[in-house]
Amino acid sequence: MFWLRLPEGYQMTTTSISSKGKSGSIRLSPITRHIALLFVAYVVLYLVFSVTANNFLTSFNQFNILRQTAMIAIIAVGMTYVVICAEIDLSVGALAAFCSVCLAYMAVRLGFPLWIAIPCTLLIGACSGCLIAFMRVTFRIPSFITSLALLTALRSGCFLISGGFPIAPMPPGFTMLDGATIGPVRLPTLIMIAVYVIGYIGLRHTTFGRSVYAVGGNEEAARLSGINVARVKTAVFVTSALLAALAGIMLTSRLNSATPTVADGWELDVIAAVIIGGTSLFGGRGSVVGTFLGALFMTTLKNGMVLLGVAPYSQGLISGVVILVAVLAGAIEFRRR
């Protein structure tokens, strides 16, 4: 049993989601309060678009929102682990694009069968995560700097490999990864659900998950308590990179091609989803449930604004304001701790 100060998100699950105070009122942990408020905000947003935007409530649009959420939400699971560990990975968008280009290059130009090209793509993603972890753990270079440099290098790598042109078409049948459905639900949505179930269990009900919270809450105390901090940080970076590679594979299937400019700005969308979901940039607190709501909130907001005909520049402004409000709420909560 951990005796060091554990983060609030962890306390929520090991003790209780809520408890009664002296006055008999129900007290919620900060992360639970944040998720509850986010859920209320999402319901309000959903009702507003239901009334004001044509075709928002159609079943096609509802499943389309889930499909649009899938890839960002999948990467956001890995980013949640990284941020809880008090780190950051800015390279996930570029890595998804790089993995997409590498997959297409191996499958189309080199003629590799998909059963070889796909594992090789995942391996490329894992190596990227290992590189960030190696620089962070061995040389203590902040992950912000390493991942920013990697972002630039991977983007350049996309252009070098592809020559600046799309690589297409992918082998027959590969588009089934995006187009296959079970009932009305597309396969990317089901993959997203599976990733979140695994991510939730891994974070909340395993020793590794407790170690992630402990390292993010107080790295030195975690080390003194016997936690292998280097191993935990390596694992979270590799997890994040693997999920970025998976999203890159799914993106290639959706587009039936790979271009060097795809997934541009994804890292910002992913980080926004994590922050809006209540995960603290200071580490030690967060939840994949909140991250899912954050990703769903951002996608629904963009979807509704498109249906309402809001100008693209205004969409960016509104999204930025939402992210700022979420960051401000997190900072206020941090000061209250």
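Here is a short chat about how some labels in this predicted model are reached.

Colleague: What should I know before we start?

Modeller: The model is predicted, so local features need pLDDT of at least 70 and side-chain atom pairs count only at pLDDT 80 or more, while totals for chains, interfaces and linings use all residues. Residues are numbered from 1 along each chain as its sequence is written, and side-chain values use heavy atoms, with hydrogens and water left out.

Colleague: Happy with that! Why is α3 called oblique to α13?

Modeller: The axes of α3 (residues 59–84) and α13 (residues 288–308) come within 8 Å and cross at roughly 140°. Under 35 degrees counts as roughly parallel, over 145 as roughly antiparallel, 65 to 115 as roughly perpendicular and the rest as oblique. That makes α3 oblique to α13.

Colleague: What makes Thr-279 count as buried?

Modeller: Buried means under 20% relative accessible area, exposed over 50%, and partly exposed in between (1.4 Å probe, protein chains only). Thr-279 has 4% relative accessibility, so Thr-279 counts as buried. Its place is in the loop between α12 (266–276) and α13.

Colleague: And why is the pair of Phe-49 and Phe-56 called tilted?

Modeller: Rings of Phe, Tyr and Trp (its six-membered ring) pair if their centres lie within 6.5 Å; planes under 30 degrees apart count as stacked, over 60 as edge-to-face and the rest as tilted. For Phe-49 and Phe-56 the centres are 5.7 Å apart and the planes are at 45°, so the pair is tilted.

Colleague: How do you know whether Phe-56 is buried or exposed?

Modeller: Its relative accessible area is 0%, so Phe-56 is buried.

Terms used
Axes are lines fitted to C-alpha atoms, for helices over the stretch in contact, and angles run from 0 to 180 degrees between N-to-C directions. Helices (H or I, at least four residues) and strands (E, at least two) are DSSP runs, numbered from the N terminus.
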